[in-house]
Amino acid sequence: METNKKKLTTASGKPYVENENSMTAGPRGPILLQDFILHEKMAHFNRERIPERVVHAKGSGAYGTFTVTHDISKYTRAKIFNTIGKQTKLFLRFSTVGGEKGSADTERDPRGFAIKFYTEDGNWDLVGNNTPVFFIKDPKKFGDFIHTQKRDPYTNCKSATMMWDFWSLNPESLHQVTILMSDRGTPYGYRHMDGFGSHTFSFINANNERFWVKFHFKTQQGIKNFTDAEAADMRGKAPDFAQHDLLTAIDNGDFPKWSLKIQVMPEADAKTYHINPFDLTKVWPHADYPLIDVGVLELNENPDNYFAHVEQAAFAPAHVIDGVGYSPDKMLQGRILSYPDAHRYRLGGNYEQIPVNKCPYLVSNYQRDGQMTVNGNGGSNPNYFPNSFDDIEVDQSYKEPAWDFGSSVGDWYDRNAEGENDHYTQPGNLYRLMDGQQKKDLIANIVNSMSGIEGPKKDMIVNRQLCHWFRADINLGMAVAKGLELDLAETMKQMPQNV
């Protein structure tokens, strides 16, 4: 009798019958070594978990499209933007930062906002967060910072003491900490938050002119956040709230959308602007560089398998396209190196052959071999360049203009030297922009978190961090000190006198 059902086979394609009973020496005897099916099932099961991401381990993702709505060709020659109405397929992965893969996705934490655009000039990965700034401005600090967000090596528990010790010793973190301690630190899922490229990138137009650019994705669903109490309650009720919310919305045809807007700075402005435009702890005021409309991002397709698409998705800021480039942002420069290296560790040297990461257009190079080569490995074509046999050539039209670094002196420059050490104006401005309830929530969240500082250095860490709050805004500092039930008269003696 013919059937349309598939045969049960091994990974090598061999049909087999016994999928539930191991081969034994008699019904009650020991298992025989020759039961290959048992070994194959268990060996694969033992390897189902690849190393989780060191950061951004808990994530959700979906496919979608980007549609151009406005002409920005005077700033960039990138083909993704070259026609109004043009659509480009993309994959977007949201994530928390500090938690493990099994952690709750409603924790107080920044959220990753990583997009892979499948363009005709290659894949463009815009790998950002739901905040326009970050905690640090030099990549040498990154590993140390992340350690403070993970588990204490002695207690194996999260530690408020570690976090606030690091933040209080690095006042450059204050801007991001202010955002994190507001209700923006606990967004209502992923659909109701903005996304940012965060770094300064560059655009290059058809005339080889360079512009500096920042990317903003503004949610069309409206900003919506949990309060601290609501987020804590949701962590117990539904630790996968954000995952379920995104999946269900798309399954129901309620496709979330974001408006892409950019800020553009002429290349020459960077030399005279009053803040360092490549400092990841700073924003560009919109009054100086207003938002410019570009297009709409829509998520409209859930992956049919979480692991294959979301877990194996690999994003790297190194992956830019013609017309989009880097900048001297030190954190961006560090990520150009470290992100592809992290993916090679997790997924192997050929991680870009995995379907979710694969460029759907032409890929021509001389990379060969390595684990899990599944693209034909170049066949019989030469594996060296230059050669006299294949038809691969360098297209000079993609050449970028030279960089003017402004200095030929190689040195270890202090990122917080005079002129680069105003860590207080922008966090203070952010606090003063908040309404009354937002200020109350911010203060309550700071007090709640700082109350977890403990140990013999507690008073020193608390006072050091309080000094930063006072420098940002004296009313904010007073409110935090009061919330921590400190002696205000004694506290004020230790605070800076020029706030």
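Colleague: Among contacts in the chain between residues at least 6 apart in sequence, what percentage join residues at least 24 apart?

Modeller: A contact here means heavy atoms within 4.5 Å. In this chain, 72% of the contacts between residues at least 6 apart in sequence join residues at least 24 apart. Before we go on, please keep in mind that this is a predicted model, in which local features need pLDDT of at least 70 and side-chain atom pairs count only at pLDDT 80 or more, while totals for chains, interfaces and linings use all residues. Residues are numbered from 1 along each chain as its sequence is written, and side-chain values use heavy atoms, with hydrogens and water left out.

Colleague: How many helices and strands does the chain have, and what does its radius of gyration agree with?

Modeller: Helices (H or I, at least four residues) and strands (E, at least two) are DSSP runs, numbered from the N terminus. By that reading, the chain has 13 helices and 10 strands. The radius of gyration is taken over C-alpha atoms, and the globule rule is 2.2 Å times the number of residues to the power 0.38. For 499 residues a compact globule would come near 23 Å, and the chain has 26 Å, which agrees. Along the principal axes, the C-alpha atoms fill a box of roughly 90 × 70 × 50 Å.

Colleague: Which residues of helix H6 are buried, and where do they fall when seen down the axis?

Modeller: The general idea is that an α-helix has 3.6 residues a turn, so residues three or four places apart point the same way. In H6, which covers residues 241–251, the buried residues are Phe241, Ala242, Asp245, Leu246, Ala249 and Ile250. Seen down the axis of H6, these fall within an arc of 150 degrees, so they line one face of the helix; the arc is that of the directions from the helix axis to the C-beta atoms. On the other side of H6, His244 and Asp251 are exposed.

Colleague: What do the buried residues of H6 pack against, and which residue just after H6 takes a positive phi?

Modeller: Their packing partners are strand S1 (59–68), strand S2 (87–96), helix H5 (228–237) and strand S9 (292–301). Just after H6, Gly253 takes a positive phi of about 80 degrees.

Colleague: Which residues other than glycine have a positive phi near 60 degrees, and is each one buried or exposed?

Modeller: One of them is His56, with phi near 60 degrees, found in the loop between helix H1 (36–46) and S1. His56 is buried, with a relative accessible area of 16%. Another is Glu485, also with phi near 60 degrees, in the loop between helix H12 (474–483) and helix H13 (488–494). At 73% relative accessibility, Glu485 counts as exposed.

Methods:
Buried < 20%, exposed > 50% of the residue type's maximum accessible area, 1.4 Å probe, protein only.
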